[in-house]
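Hi,

Here is the structure I promised to pass on. Have a look at it first, and my notes follow below.

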Amino acid sequence: MAGGALKYRHLGRKSSHRQALLRNLVTSLFEHESISTTWPKAKEAQRLAEKLITLGKRNTQAARNKAQAVFYKPVELMPKLFNELRERYLSRPGGYTRVLRIEPLKEDQAPSAILELVDGPRDMRFAMTAKTLVKERATEEGVRDLTAKNIIKVTRFREGGQEELERTVRALESRKRDEERREQGAIKRKVYPVKDKETGKYIRMNK
């Protein structure tokens, strides 16, 4: 209908090809927990992924039948959906996935995005919040209000979220100290050329 609300994106494909594309994207998402694609595809796949997790939380035979009809790898992904992911999102009322805009991945400069399952091992916002926390704790100003709000967002429904965030921050801080020590060692370590008495050639000697 002209002027009507957009119910879904056609993605330049007929219905059967569109469904096959979305099933493939969602199968990859549940397998790897994070995928990169174009922005329109990510938004459409997000809708289907949210419905699948809702089915997983219902955990009925009818829900299992519907989910099995979507996955291209039901043997591997059905147990994950109805066990691991169901437990992960049991207390979360919604918002099981996240779409993040990124720089275009292809030469045609098509808008690109990352589609991910939240509170998982590849949760980008969780990782970005931990990195930001490391930087801001090292400043005189301390943690900003925006970062404090993001901490609440990424840990609120994550089991042991606060403890896991602190472990991640400590690991990043330790890695940062190691890198600084290596850089300082590289600066102090100078190389002097020394002439070999037997061959007459110059060799390197570290000091």
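A word on terms before the notes: buried means under 20% relative accessible area, exposed means over 50%, and partly exposed lies in between (1.4 Å probe, protein chains only). This is a predicted model, where local features need pLDDT of at least 70, side-chain atom pairs count only at pLDDT 80 or more, and totals for chains, interfaces and linings use all residues. Residues are numbered from 1 along each chain as its sequence is written, and side-chain values use heavy atoms, with hydrogens and water left out.

Glu33 has a positive phi of about 70 degrees and sits in the loop between H1 and strand E1 (34–38); helices (H or I, at least four residues) and strands (E, at least two) are DSSP runs, numbered from the N terminus. Glu33 is buried, at 4% relative accessible area. Asn59, in the loop between H2 and H3, has a positive phi near 55 degrees, but is partly exposed at 30%.

Now the interior. A nonpolar core is a set of buried Ala, Val, Leu, Ile, Met, Phe, Trp, Tyr and Cys residues joined through side-chain atoms within 4.5 Å. The largest one has 32 residues, and Phe30, Leu52, Phe71 and Leu81 have the most contacts inside it. Helices H1 (15–32), H2 (39–58), H3 (61–68) and H4 (74–88) and strand E3 (112–117) each give it two or more residues, with H2 giving the most, eight. Another core, of nine residues, lies apart from it and includes Ile151 and Leu172.

Enjoy exploring!
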